[in-house]
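Here are a few notes to read with the model open beside you. Take the points one by one and find each place on screen as you go.

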Amino acid sequence: MIAIMGATGHTGQKIAELLLDGRENVRALGRTAAKLEPLRKRGAEIHTGDAEDARFLAGAFRGADAVFTLIPPDVRAPDYLALGERIGEATASAVRESGINHVVFLSSIGADVPERTGPIAGLHTQEQRLHRLEGANVLVLRAAYFFENFYSMLGLIKHQGINGGGIAPDVRIPMIATRDIAKVAARALRDRDFEGFTIRELLGPRDLTHAEATRILGTRLGNPELRYIQLGYDELEKALVQMGVSENVATLYAELDRALNEGLVRSLEGRRPENTTPTRFEDFAAELAAAYRAMA
């Protein structure tokens, strides 16, 4: 049995589906039964509850051979890092209580840095918390910038005719599709061939700038001249709040973009065959374009 936190999210759902495809027994965790229903229909055992509840998590982990963990993002949280602290503490407590031997944790590049990295600072803290667990083998997957982040930019493109954000247009960063993270995580959860505390970076197929990614997406949209505009950090925060993001989260995202611009968030391994994944942004852009065209 393999337990999956965040089984309705971008990465968790894909992990659950891959494991079910391989005829593994899956225990899918989430907040609501309705969102977990497609996995239940495919044969997963579902558990609904709050990720801040250590008792719920311990019960859901108990008897599993391995567990996938993460800090689920909540862009409306009034105090994002405090929420992450509660979930992180509950997760670590549940691992200890349930006696789980193998844990995979979804982290991020930049989690080696303890502060000034926005939401990633919470992942640093959770890595340290999991490192202190006795008797558990932990694999930390430090992933690159998600391709899926571009979904949140489609509204701006649709209504303003531009793409924009706080990251400078010429800053090259590794970008990755969550499906590629899921493949690595599913294999690790199934094979359980990691020992002690291990960190592995996942960097996507190549580094991209936001200007390059915008041109690729624009071409898919029939607008190869689509421009990427860098917003000031204050301007970015205001735009995010208007989109429904809490003021606290908006401030953290602006801090993250600054950290990317200044090179504080970066790969420590450098690009290697072991951390390079196959899905190209050129191919993923077709899915973004389909979502764009489906927008009202």
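**Notes on the predicted model**

1. Now the overall build. You'll find 11 helices and 12 strands in the protein chain. Its radius of gyration is 19 Å, close to the 19 Å that the globule rule gives for 296 residues, so the chain is as compact as a globular protein of that length. Along its principal axes, the C-alpha trace spans about 55 × 40 × 40 Å.

2. The chain exposes about 13600 Å², and 47% of that comes from carbon and sulfur atoms.

3. Have a look at strand E2, residues 26–30. Five of its five residues are buried, so the strand is largely enclosed by the rest of the structure. Both faces are covered: one side has Val 26, Ala 28 and Gly 30, and the other has Arg 27 and Leu 29, all of them buried.

4. E2 also has a partner in strand E1 (residues 2–4): the two run parallel and are joined by three bridges. To spot the pairing, find Ala 3, which stands opposite Arg 27 in E2. In general, strands of a sheet pair through backbone hydrogen bonds, either parallel or antiparallel.

5. Next, an open sheet of three strands, in the order E7-E9-E11 and with mixed pairing. Strands E7 (145–146) and E11 (207–208) stand at the edges with a single partner strand each, so one side of each is left without a neighbour in the sheet. Strand E9 (residues 173–176) runs antiparallel to E11, and two bridges join them. Here Ile 173 stands opposite Leu 208 in E11.

6. Finally, is Arg 142 buried or exposed? This residue lies in strand E6 (residues 137–143). Arg 142 has a relative accessible area of 7%, and buried means under 20%, so it counts as buried. Leaving out residues up to four places away in sequence, Arg 142 touches a set of residues including Ser 107, Ser 108, Asp 112, Glu 127, Glu 201 and Leu 268.

Note on methods. Residues are numbered from 1 along each chain as its sequence is written. This is a predicted model: local features need pLDDT of at least 70, side-chain atom pairs count only at pLDDT 80 or more; totals for chains, interfaces and linings use all residues. Side-chain values use heavy atoms; hydrogens and water are left out. Helices (H or I, at least four residues) and strands (E, at least two) are DSSP runs, numbered from the N terminus. The radius of gyration is taken over C-alpha atoms; the globule rule is 2.2 Å times the number of residues to the power 0.38. Accessible areas come from the Shrake-Rupley method with a 1.4 Å probe; for residues, only the protein chains shown count as cover. Two strands pair if DSSP finds at least two bridges between them. Buried means under 20% relative accessible area, exposed over 50%, partly exposed in between (1.4 Å probe, protein chains only). Contact means heavy atoms within 4.5 Å.
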